[in-house]
Structures are given as C-alpha cells and as structure tokens.
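Dear colleague,

I am handing over the structure we spoke about, and below it you will find my notes on what was found in it. Please read them with the coordinates open.

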Amino acid sequence: IGYGRGVFIEITHRCRTRFKVALATSENFQLSAVTSVCARLSQTKKSLFSDQSSAWFISSPSCVMFLWRTVKWAVSLLVFITFSVRSQDIRNTVGNIPMEWYKDYPHIGYDLDGKKIFKPIRNKDELDEFLDKMENPDYWRTVQDKMTGADIRLSDEQVDLVHRLQQGKFGDVNFNEYEPAIDFFSNEVMIHPVTNRPQDKRSFIPSLIEKEKVGKLVHAIKMGWIKPRRPKETTPQYYDLWAKEDPNSILGRHKMHVPAPKMKLPGHQESYNPPPEYLLSEEERLAWEQQDPEDRKLSFLPQKFACLRAVPAYSRFIHERFERCLDLYLCPRQRKMRVNVNPEDLIPKLPKPKDLQPFPTTQSLVYRGHSSLVRSISVSPSGQWLVSGSDDCTVRFWEVSTARCLKTVEVGGAVKGVAWNPNPSICLVAVSYDDTVVLLNPGLGDRLVCTATDQLISSYEEPEEVMDQSVQWAVAEGEGHEQGHRLILKHPKAVRQVTWHGKGDYLACVMPDNGSSLQVVIHQVSKRRTQNPFRKNKGLVQCVSFHPIRPYFFVATQRYVRVYNLIKQELTKKLMANCKWISSMAIHPGGDNVICGSYDCRLAWFDLDLSTKPYKVLRHHKKALRSVAYHRHYPLFASGSDDGSVIVCHGMVYNDLLQNPLIVPVKVLKGHTITHDLGVLDVTFHPTQPWVFSSGADGTVRLFT
Amino acid sequence: MSQVQARFFTENKKYLIDDVPFSIPAASEVTDLSGVINKLLEAKNDGHKHVEFDFLVQGQFLRTSLASRMETENISTEEVVEIEYVEKFTAPQPEECVMHDDWISSVEADSEWILTGSYDKTARIWSMEGKAVMTVAGHTDVNLYNGLSSLLLTASLDQTIMLWEWNSERNKVKARHCCRGHAGSVDTVAVDPTRTKFCSGSWDKMLKIWSAVPTEEEDEIEEPNRPRKKQKTEQMGLTRTPLMTFSGHNEAVSSVLWMDAEELCSASWDHTIRLWDAETGGQKNTITGSKVFNCISYSPLCRRLASGSTDRHVRLWDPRSKDGSLVLLSLTSHNGWVTAVRWSPSHEHQLVSGSLDNVVKLWDTRSCKAPLYDLAAHEDKVMCVDWTENGLILSGGADNKLYTYRYSACVLDAGA
C-alpha cells in the first residue's frame, strides 16, 4: 500500500486471503475486524473496489481522505494482529492448510515443541447435540475452533463485535467514522505551503516546450497551413422550402394563384342617403326602366331613406350573389407562362463563310461593249469563251480570261436568250430573238470541232415525208453564214428562252403565251424536228429545263414547277413554289434539287426527294430575282436580282439521303449599276472555276472571282 | 532621343566606308542615314557626289524609321545593328510608247529588237527606238510570240505555232514551219536554252515539245486533201508535228518555261505548277496553289519561281522543295489579277509584274510589303511584261500601247 499526491492502493486477493488465514488463527474478534474492514471497503465504495480488479487510481480528494483513514486503521489493526499472532497463536504449527487433510488422523497438527496436538474427543452424537442445544444456555455463543477442534465460548465483547459487524458497523467501538474532514490539499492558497520545497525555476520562466509549440503554430499560420477560423455568419440562414418546388404540383398551383378580382366598393349612389345629385329624376328613372337590364349603366335605382332603420332588405341580394359566383366561376384566371428564349439560340448554327471557300468574292473583269442591256449570257463548256446576247441586237463572244470581245454577230432583233451547246464536241450557240432561234457556230475553240459541227449540219438529208411542223427550219446562207449563222428556226411566237439538253442534241424553246397550248417546243437539231410536248395549257410558262441526267423535263409556270417524264410522257411531280411569279429556275447537277427565283424577291430551294414544297426559302434580295444558277462542280449557287446584286450561296448537297442540303449565303457581289430599275439580268457560273458571271442592264458582263 | 549603335557595310567597293560602329539617332529614316553615309564618303574622298542610298536591315529594306523597324524585328537596341547599304534604285524612266492597232497580248525583247504579238493577228518587230521594222501576218487569230534572233515563233488562238525566219538585213520574213497538233488555242511557248527545241502549252491541257530547227522537210501528216495543202504551204510553211506531248494538267496550260535544258515548268488553270522532265516526259514535282495561275517566271539567279494568279498576289515558290505547296513570299499590292510576272535577268531580287488594275509594279523581294515602284502608264489592262538584259522593262496592254522603261539597276552590278 502506498500513497502520495495521488494515492495508489493495491490490495490483492491473495493478500486478503492471507489476512483471513492469519486472522483465523488469531482471536475471533480480530477475524471479525478484518472481515469487517473488507466488507466495509467493498460495501461503501463498490465503484472503487471489486473482488476481481486489484488496482485503482484514486484522485478524488474526499475519496482519498476516506481511504487514507481506512488504511490508517487497517495498518494499526495489522500491526496489532501480527503482534497477537506472534504472542498467542502457538498451539498449532501446520500453517495455512485445509484442515481436512487431518480429517482421518487423530491429531490435528503440531505444537511448538513438535508434539502432536490431538483432537479433543468428540463423542457427542446427534442426541447429545440436541440436548446440549436445548439445555446449554451458552450453546448459541459456542463455536468450534477448526485449528484445534476445541469448542470456544464467545465472550460478551466478542458477541457484541459480531453483532456490530453483522450490522455493518466498525468493529472498534471507539472508532469514530464521522470525524470532521481536514482538507489538506485544497485549492485555496495557504499562507504556509504544504511542503517547504522552494518553487521550481520552470514555474516562473516561460516554458520552452510551449514556446516551441507556439512557434510551430505561428509557422503553420504563416505558411497558410492553418487558416483562421471563418467569422461566424451572424445573419441567420433560412431554408427556402419552396426553392425546388414543381410549379405543377398542388403547392405550385397555389403559387400561380391569381386572386379573384375584387368587387367595386359601394359609392355614393349605393348609399341609403345619397346626395341629391345621385338620385335619378323622373325621366331618367323612366328611361332606366325602359332599358334592357344589360344596357343599364346602373344595376339599381339609387334611393333615399330617412334613416338606416327604414332601409328594407335588398331584394336582389341572392340574385347578385349568384351572378358574382357565376363570374368567378366562369372567368378563367390563369397566369400565362411566358417562355424565355434567347433569340440568338433560334438562329441555326451555320458554318462561317470563311470555311466554305472557294467562292467568288471580288469583281475581276468587266466585259464592256454592249450598248444596251444584256439579257442573257452563257459560257462555253471548256470555260474559255463567253457569249452574251443584248438588246442592242448583237451577240458578242468574249475571251473569259482577258475580257476581249473576239466576235460580234448581229442578229435581227433584241436577243432574249443565248445558250452554248453543252456538248464539248459540238460548237453551237443557240440565240433567240423575236420569234426566231438561230444556231450560231462561233468558230471558237477547237478548229476540228468547229468544222465537224459545220459538217454535221450540212450533212443533214431531207427525209422523204415532210412533216407538217409549227416551226420552220432554214439553213442560213450568204452573209449570215459568213457571220456564223447555221440554222434559223422560225417560231410562230416570240421566243423567250432557249435551253439545251445535256447531250446537246435537243433544244427547248419557251414561247410564253397564256392562251395557247403551244408554249414549249423541243427541237431535235440532228433531225431538224420539232415537237410540242404539251397538249394542254397549264398556265403561263416562264422557263423550262432538262434534267441533267434522267429524261425529265422541268416546266416552270407562274406558281408551279412541273416535272415531266419524257419517256413515260406523264407528270411526275408538281412543285409548289409558294411565290407569286417564278422568274427563273436551275437544276442541281445531281438532279435532285431545284432552285427557283421569283419576282417577289424569294429564292426557293426544292429537294425533290423531300417534298413538293420548298425545303428552304431565302429572302436575301431586296428586289425581284431575275436569274439563278448552280455551279457544275462546286457546291455553289448564285442569284441575280433587280437590286443590282448577285448573292452567292454555298449549297452543299450530300450523297447521304438522310442529310438535308446545307445552304449558307456566303457573299453579296455588287458591281452592276441599276438602269431603268433593272439590275442583274442573268448569272451563270464558270464550268470549272468558282467564278460567276453576271450580266446587267447597264450593258456589261462582269466576272467575279 | 535614343541612340543606336550601327555598323554600315556594303558590297559595293565604290562606296566603302570604315568598318566602325556609329551612334545614330533611333528615329532616323532612310534619308537621314543616306546623309550620314554621304558625309562619311565626302570626308573620305573629295570628289564624291551625292548618292541616294537604300538600307537593308536583316535583308529587308528599311522603309520606316530605324527604331520602329528594330521593334518589329525584335532587334535589341543595345547591340550594334548591322546595316547594309546599297545605292538607291532609281525609278525606271519611261522611254518609248509604241502604238499598236489592237491589244498587245505578248512582248519579248532582246538587246536589239522587240517582238510583240497582238490581237490584230499579227506579230510585229520593233527596233529599240520604237520604229516598226516588220509586221508578220499569217495567223488567223490572236498572236503570241517568241523570238530567237533570226527565228521567230508565233503561237495563236488558231491552235498553230508558226516558225518564221527573219532576215534582218533584207527585212524579210519567211514562214518556215507551221506546227499543228494542239486542239485548243496555244497560250504559251518557250524556247529551251539550247535553242533547238521549244515547248508550247495550250488550252487543250497539253504541253508539246517541238523541234526549233528549221528543215526543208515536211513532217508526215495524214491529210486527205493533199493538193490543197501543198498550195497552202507556200504561205504557211511546212507542217511540223510535235516531238513529245506531256499530259497531266486537268485544265488549260497558261504558262510554260524551261528551267534548264532538261526541265520544264508549266502553270495551269487547275491551280497547279508542274515540273516535267523534258527528256522522259515524267512529272517531277507539283506545286499546288489555291487559284488559277496566269503566269510564271523563273530566275536562275535566285532559283525561285514567281507566279501571278487570279487574285491580287504575286507568289514566290521554291521549285526544288518537296512539299510543293509552300509559298515563300506573297507580294501583295495589286488590285486585280496578276497577268504577267517577270524576274529581272540581272538582279536576283527584282521582278516586275503586270496586272489587270492597269499598273506595272517593280518589286524587290527584300521589301515584300510594298513594291519599289509603280509604273502606272497604262490606261487599260496590262497583258504582258518583259525585262531585257540591258535594263529595259517593257509592258503591253489592252490600251494598245507598248511602254518601255529604262531601268538603271545595272549600276549596282557595274560597281560591284
């Protein structure tokens, strides 16, 4: 057992047993005293002592005090016990052994001299025991000493001690367990210290360890490893219960609630005692009565009563309430949901024109020479020559790369249309003026081709039976032949447009006439035959075109484009242009897309596979479109308009049928001056380069590259 | 004002100054620097006359102040700047204006004579003084030229090339050969350095090589109407057929030239310049551009190709580089298609270009931002330019005029 500032007590189980054994050999009261100590210890401080655990660290001062006293008492007791054992307990020397071992022996141990201690003669039987119990008044205080086997009669003091122990009291009568506590180790500063030990130096110099710790913290703060605590937000935070509310849920509907319109508060007229100006005169009252209830300004008659008591019940009360309910019920009160859409997002994402090069961007050459408006232009299949027909009754042939006019051919009227034969092995240009179409051989390009063309025309042999044709074919002779005229076709009406089939043998002419079925004729040059493909008049024909690959024929009337199959001789498609008056038409070289220009400033792109309605309508021009054209290789198309500009668009057609054509306007080309309210009259692309030609009312042809 | 340390040097022995660095104001411009050099030269030898100089900083002409130039070139102002100076190229002086009857499509000159082709279907020989010496009329269409002293070549839109023999003493021309074989207008002809062959490029996408040696024999041609042909031969000369045909271009050939005796170079409308082996006919290299090429010119001095195309730029190419579509330099100042471009025969940095914007420009590759001089004499499109070895620049155009300019670039070479 040790003690210090904190008291450490160790009482082992073995130790306690030894106490018992030791005490068992000593006097009874001593045994009881020790038992009492142990019982007392285990009873009073069960939390501190238990049989199994053997060590406690006790720090509470009151506990320490108690223990201190207990231990003091126990030590004195032990000293006393040891002393008494040494002096008295000399009868048996076997020690601390189970006495059963001597059960079968006559002795029970040995005395100090080594002589056997014999068991006292026990001849009492049960009856004797009983009699003894009945008769002996000290029987209850007689106990057997196991060590000696002798019966001991307990004295009064011993019995008293047993009683005290049984009651849980201290064995010592004189021991006062309620002594006043002396607080040796109090928190109060005493004048006199408990110990006389001088103060440690470390108690009044700053602690090095703490300094080191603080230094570490300061370094960590400097390095930013430790951040100062954020100041606590003083403003209370509220949780928005309805932040994620679905407006369609029931609660959301409450949010969208629109209160019913309030009824107008009663005014002076409704008063029981209105000012006299509110009261109706006799005529007014009559007029009021004669009016229909719907037309009345007032739904009641203002009345004057002498006092509030005299006011009768309102006769129309139920009626009025019902009407009010009807109003509330029938009037829809709903908040309109406005869709917030950024207008930028509605614009489709188009590639930048910069990425779609090449396309014509600048005016490069001006072909000057015509004195009147140039209605039509056409480029030779090789791309070396350009032909233009003008209202000054001339056709001019130009060298594309230098803008040199190589040849001027005069014809007998204002030229409406020119078309270069697309077949590279034939050198022919169809020119239409008035009611005549002339096939010219310009003599440009390959000499062999020119002579072969001449030979082809002169080798024609008249068939036996002469067909009655509406168009007269004549071979040019004399001066006309010198100029290049080869064949002259006289039509019954003025020819507006000429166009070649891709093979270069068929030539279609348009003679717009609203009243006749003879509006379109198709000539076969090699056989000098003419046929009228249409029996019925389907409207004023504006322009016609051959399909570049398949035997289809496109006829544009004012509002529709009809696609005919020339082999089956039937109408395959009718395209609705959604515009008032188609002016021009061009077929994509792939054959599945058509663009139409119209006089109401629109350009309609049709995808024949998609629909008979326009896939896209472009309204870029400010005035009527006069001409549209596709490029043969590049994904480009151009439109010329009366506003003097040519607009070039990127029109990519994909082989993938699922992908719609991509149409991006890329460039507005300006250069033509507007004369007589006319700007650009014709546009056409160079066959191989991304160049566009335009002819205008100012008598020039311009090349944009 | 900040000062810059500069060391001046020159190739020209005549204007040599001491090789020491000078401190000059950073804001000084060409005239200031020129004054400095002149001062130094005057101090060195008394008989010095004032000469205008031009200055090159890192191989490029100085056009702005020295400070701004050094800033753009990232030259440190702490170090000594090496500045080369050359005598300033004086402006070409207009010399003659020769009127034609029609547009001039091509011009070629040697030291004595000028040969022009015109849209009036004739080729003309002029003396250097601008006197009409001879008119060669034989083609049925527009003409192109190429002269080899007494032998003349004319190519035409009528798909033929004619070889003429010109006797300058008697002043007579005789058609020796008519070269037939092209199926399109012949746009360009070029004679090889050995003067035994010539090459022609045509709209029919073909390049053909012909013999340039006149003979008395006619090449065999299968023609059904032989008698008529005989009769024609009197005027047109003997028919000649090509020695070799190169096909490979996808579009019309616009310009052809000989790099040397074995190598041909052709430019085409299909946006390519191709190099050919003249012996085997194989393609050696292809330079791909983005626009139609109108004209090319090759300088054996700097081994660069210059091309004019249907945009505003004159582009320089290295024909030897394998990655053939790399533009070394773009010279941009024209406003129209560049129709003609010609390297200087004597100076490795200079070239002249003509454009549809009516201007002929004289370029120095060391000043790529702006041309040295604009020769704005023409009133219409410039169609052709040429540069003779004795410093004569010629240009013809759609205003029917042939202008000649005297250019004194040779001063530099004479001094050097």
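Is A:Asp592 buried, partly exposed or exposed? A:Asp592 has a relative accessible area of 24%, and it therefore counts as partly exposed. Please bear in mind throughout that this is a predicted model, and that the values in this message are computed from it.

The side chain of A:Asp592 meets that of A:Arg550 in a salt bridge, with 3.3 Å from N to O. The two residues belong to distant parts of the chain, 42 residues apart, since A:Asp592 sits in the loop between β25 (582-587) and β26 of chain A, while A:Arg550 sits in the loop between β21 (541-546) and β22 (552-557). A:Arg550 is likewise partly exposed, because its relative accessibility is 36%.

A:Asn593, in strand β26 (residues 593-598) of chain A, has a relative accessibility of 2% and so counts as buried. Its side chain makes a polar contact with the side chain of A:Trp605 at 3.1 Å. With neighbours within four places in sequence left aside, the residues in contact with A:Asn593 include A:Ile587, A:His588, A:Phe606, A:Tyr630 and A:Pro661.

Of the 705 residues in chain A, 38% are buried, whereas in chain B, with 416 residues, 56% count as buried. In chain A, 49% of the contacts between residues at least 6 apart in sequence join residues at least 24 apart, and for chain B the corresponding value is 49%.

Turning to the interface, chain A and chain B bury about 1800 Å² between them, with 54% of that area on carbon and sulfur atoms. A:Gln384, A:Arg404 and A:Arg447 supply 30% of the area that chain A buries against chain B, which is more than any other three residues. The contact draws 22 residues from chain A and 21 residues from chain B.

How many salt bridges are counted between chain A and chain B? The count is one, and in it the side chain of A:Arg404 meets that of B:Asp102 at 2.4 Å, N to O. Nine residue pairs are in polar contact across this interface, both residues of each pair being at pLDDT 80 or more. On the side of chain A that touches chain B, β7 (363-368) and β11 (404-410) each supply at least two residues, and the residues of that side divide into seven nonpolar, eleven polar and four charged.

A:Thr705 has contacts in both chains. This residue lies in the segment after β35 (700-704) of chain A, and it counts as buried because its relative accessibility is 8%. The side chain of A:Thr705 makes a polar contact with the side chain of A:Ser364 at 2.5 Å, and another with the side chain of B:Trp337 at 3.3 Å. Beyond its neighbours within four places in sequence, A:Thr705 is in contact with residues including A:Pro360, A:Trp691 and B:Thr310.

Over all chains the structure holds 27 salt bridges. One of them pairs A:Arg375 with A:Asp391, whose closest N and O atoms are 3.1 Å apart; A:Arg375 is in strand β8 (residues 374-379) of chain A, and A:Asp391, 16 residues apart from it, is in the loop between β9 (385-390) and β10 (394-399). In chain B, B:Lys197 forms a salt bridge with B:Glu279, the closest N and O atoms being 3.8 Å apart. This pair, 82 residues apart, links strand β16 (residues 197-202) to the loop between β22 (272-277) and β23 (283-288) of chain B. B:Lys197 is buried, with a relative accessible area of 17%, while B:Glu279 is partly exposed at 46%.

Lastly, the record. In the model, residues 673-705 of chain A are 0% helix and 48% strand, with end C-alpha atoms 19 Å apart. Residues 97-136 of chain B are 0% helix and 65% strand, and their end C-alpha atoms lie 20 Å apart.

Conventions
Residues numbered from 1 in each chain as written. Chains lettered and ligands numbered in written order. Predicted model: local features only at pLDDT ≥ 70, side-chain atom pairs only at ≥ 80, totals over all residues. Heavy atoms only, no water. Helix = DSSP H or I, 4+ residues; strand = E, 2+ residues; numbered from the N terminus. Buried < 20%, exposed > 50% of the residue type's maximum accessible area, 1.4 Å probe, protein only. Polar contact = N/O pair within 3.5 Å; in protein donor to acceptor, adjacent residues only side chain to side chain. Contact = heavy atoms within 4.5 Å. Buried area = accessible area lost by both parts, 1.4 Å probe. Salt bridge = Lys/Arg side-chain N within 4 Å of Asp/Glu carboxyl O. Nonpolar A, V, L, I, M, F, W, Y, C, P; charged D, E, K, R; others polar.
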